[in-house]
Amino acid sequence: MQFSGILFDLDGTLVHTIPDLAAAANAMRLDMGLSVLPEDLVATFVGKGVEQLVMRTLGHEGPAPNIDSVMRGLARFQDHYRGLNGRYSQLYPGVVGGLQAFRDQGARLAVVTNKGTAFTAPLLQHMGLASFFDAVVCGDTCERKKPDPLPLFHACDLLGIRPAQALFIGDSINDAQAAQAAGIPILAVPYGYNEGQPVQSLQVDAIVDSILDAARWAAHRHTKTHTQAT
């Protein structure tokens, strides 16, 4: 196995979470006297953590919100999301088969997400994914979030591997930049969020249709490398 550890983004890569996130964001806006935003617009605000989601959601129609508004909005969003987390979310096609395929290849698996621990663990349990992962690194696990490489390095430490032995799979520029800074190969899935930008704009090693296709890509890469070596 060329890749001893596989690191996965969560939102937009393993789980389609926008319905829950948008519902919580719009409930927050209604609490603060603002109108509801389209779900596909809220999707473009996702990727850099809940604080940025709240700031972008509150500031969409006017000037940037002040710190008091952000803190109030953050509290309201978290209250709503706590009750919505996983309610409308869905696994993307090929996720379970792909995770199992990576397991069958002998890899250890980790989630590396900017979502907070309080929401990540319940979501993984609710979606039936928790048992696949040997480590979970959340947005509040390290001092810095993606696109900083620190969470990826920490995940490798938890898996007991070097970054050179890892593969990262994500959907956004945050994932691509973090992987590049860490020196870790990265695959991108085309169905995620990426702040509204096309995934083809990302600097990645390949774009794969699903997590199952990512496992096939990794297996092929291993077979090709092994053949060349012999």
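**View 1. Phe119 is buried, with a relative accessible area of 8%.** Buried means under 20% relative accessible area, exposed over 50% and partly exposed in between, with a 1.4 Å probe and protein chains only. The model is predicted: local features need pLDDT of at least 70, side-chain atom pairs count only at pLDDT 80 or more, and totals for chains, interfaces and linings use all residues. Residues are numbered from 1 along each chain as its sequence is written, and side-chain values use heavy atoms, leaving out hydrogens and water.

**View 2. The structure holds 6 aromatic pairs.** Tyr81 and Phe119 form a tilted one, 4.9 Å centre to centre with 55 degrees between the planes. Rings of Phe, Tyr and Trp (its six-membered ring) pair if their centres lie within 6.5 Å; planes under 30 degrees apart are stacked, over 60 edge-to-face, the rest tilted. Tyr81 sits in helix α4 (residues 67–84) and Phe119 in helix α6 (residues 117–126), so the pair ties together parts 38 residues apart in sequence. Tyr81 is buried, at 1% relative accessible area. Ring pairs also link Phe8, Phe102 and Phe133 into a cluster.

**View 3. An open sheet of 6 strands runs β5-β4-β1-β6-β7-β8, with parallel pairing.** β5 (135–137) and β8 (206–207) are the edges; each has a single partner strand, so one side of each lacks a neighbour in the sheet. Strands pair if DSSP finds at least two bridges between them. Helices (H or I, at least four residues) and strands (E, at least two) are DSSP runs, numbered from the N terminus.

**View 4. Strands β6 (residues 166–170) and β7 (residues 186–188) run parallel, joined by 3 bridges.** The bridge partner of Phe168 in β7 is Ile186.
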